[in-house]
Amino acid sequence: MDLLEYQVKEWFGNIGIPVLPSQRIDHPTDLKRLKIRYPVVLKSQVYAGERIHAGGVRIVETTIDAIAAAQTIFNLPIWGELPEVLLAETKYDSKQEFYLAVVLDTAVCRPVLLGCKEANIDWESAGEKLQYVVVEQEFSPFYARRLALKMGLQGALMQSVSNVVEKMYELFIQKDLDLVEINPLAVNAANEVMALNGKVSINERAIGRHPELAELAAKISQRHSSYKNNSKLKDLNGGDTQGKIGILGNGAGSIMATFDLVASLGGKPSHPLNLRHGLLTDTPPTSFGDRLNKGLNLLTADKSIQVILINLLGSIPQAEAAAQVIAKFIQDHHSHNRRESHIPYLVVRLAGSELNVAQDLFASVEHQGELVLVEDLDEAVAQAVRLAKPVTFQRVKVK
């Protein structure tokens, strides 16, 4: 369960993470009573990502421009979600931007500190740039400084970033959270840091231990439920969108990009499932392979889906195990007659060493043409769209 940005900023400010002067906007006319100086940044408050590319973030210099921009943003759906509120925030001039996060790693059941000297992370090469520190024992400032040093920071900037990481961890523990993220943490010409955007994910199992969160959680749950009924992007709980191509991926950004590519080629995407995190009903820890298996079965249960497109980017945890899950899925279903039972085709896009691992494993599988394995995303999408068309399918060999 995620908070909206304006709620995250309130938590950040209360715990001591530096944030800009801001004001919640419930209606465009609220901007006539704006208490912060122009220029300001107006931000759509939605759960979906990619707000900037969708037009949900605008810089304005006057009240007239602000009201006009707010009217546009309030009526701009982003991934099917219309904002109920906007955030007006002072514009900040940064010379450098970082990525910071504290996340619960379900594989090792320990908090992990993440940091990168680039805010806009290319998740395909994230392993080369993203630094991490596992909090193996009781937390101390040593862990935060270690992350800052691994990021290559020095002097006063290293200390400033360390202080922010300490506050993030304090919030993470205080509220029993799954994720605290700052993206970006901006640095100005005076080497002062500022959290320009943030994300917080609440662990629903922990709400009972924090009565003060119950009312907030109820409101978020109601709004988030409404959003999920209309959004393209689902988690492993699935949804009711109509389409012929189900999408599995290991990150919101890659899933949305895949969804758009399928739609741009005339395909009908449905049920994007994010495998990065497990279900709230799962008993932790869940492995990537477990989530992949559950995702395959959820999509197969939908009779409207003809093709499952799996797009796995970056370093995949337990790549061989994930390939084995796909192989077993095919073996368990390949003996069925396609005309008598619903068995979707699989199109798997893997890159780098993971592709080689999968090729070796799939070579011995009697997939009977139900699997397409490629390295290029455009080719994978094209294959999925072709297979989903109502024509007589030709069997496709593993490439």
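**A conversation about the model**

A: The place of Leu373 is in strand 15, which covers residues 371–374. Please keep in mind that this is a predicted model.

Q: Is Leu373 buried or exposed?
A: Leu373 is buried, because its relative accessible area is 0% and the cut-off for buried is under 20%.

Q: How far apart are Leu373 and Val347, in sequence and in space?
A: In sequence, 26 residues separate Leu373 and Val347, whereas their C-alpha atoms are 6.0 Å apart in space.

Q: What share of the contacts in the protein joins residues 24 or more positions apart?
A: Counting contacts with a separation of 6 or more, residues 24 or more positions apart account for 68%.

Q: Now the overall picture, please. How many helices and strands are there?
A: The protein has 12 helices and 15 strands. It consists of 399 residues, of which 50% count as buried.

Q: Let us turn to a helix. Which residues of helix 5 are buried?
A: Helix 5 spans residues 141–150, and Tyr143, Ala144, Leu147 and Ala148 are buried there. These residues lie on the same side of helix 5, because they cover an arc of only 135° around the axis.

Q: Why would residues three or four places apart point the same way?
A: An α-helix has 3.6 residues a turn, so residues at that spacing point the same way.

Q: What follows helix 5?
A: Gly152 follows helix 5, and its phi is positive, near 90°.

Q: Which residues other than glycine have a positive phi?
A: Asp176 is one of them, with a phi of about 55°. Asn191 is another such residue, and its phi is near 65°.

Q: Where are Asp176 and Asn191?
A: Asp176 sits in the loop between helix 6 and strand 8. Asn191 belongs to the loop between strand 8 and strand 9 (193–195).

Q: How accessible are Asp176 and Asn191?
A: Asp176 has a relative accessible area of 25%, so it counts as partly exposed. Asn191 is also partly exposed, at 32% relative accessibility.

Q: A change of topic: what kind of peptide bond joins Tyr38 and Pro39?
A: The bond between Tyr38 and Pro39 is cis, with omega about 0°. Pro39 lies in the loop between strand 1 (22–25) and strand 2 (40–44).

Q: And what about the bond from Asn183 to Pro184?
A: The peptide bond from Asn183 to Pro184 is cis, with omega near 15°. Pro184 lies within strand 8, which runs over residues 177–187.

Q: One last topic. How many disulfides does the structure hold?
A: The structure holds 0 disulfides. For reference, a disulfide is a covalent bond between the sulfur atoms of two cysteines.

Note on methods. Residues are numbered from 1 along each chain as its sequence is written. This is a predicted model: local features need pLDDT of at least 70, side-chain atom pairs count only at pLDDT 80 or more; totals for chains, interfaces and linings use all residues. Side-chain values use heavy atoms; hydrogens and water are left out. Helices (H or I, at least four residues) and strands (E, at least two) are DSSP runs, numbered from the N terminus. Buried means under 20% relative accessible area, exposed over 50%, partly exposed in between (1.4 Å probe, protein chains only). Contact means heavy atoms within 4.5 Å. A disulfide is a pair of cysteine sulfur atoms within 2.5 Å. The arc is that of the directions from the helix axis to the C-beta atoms.
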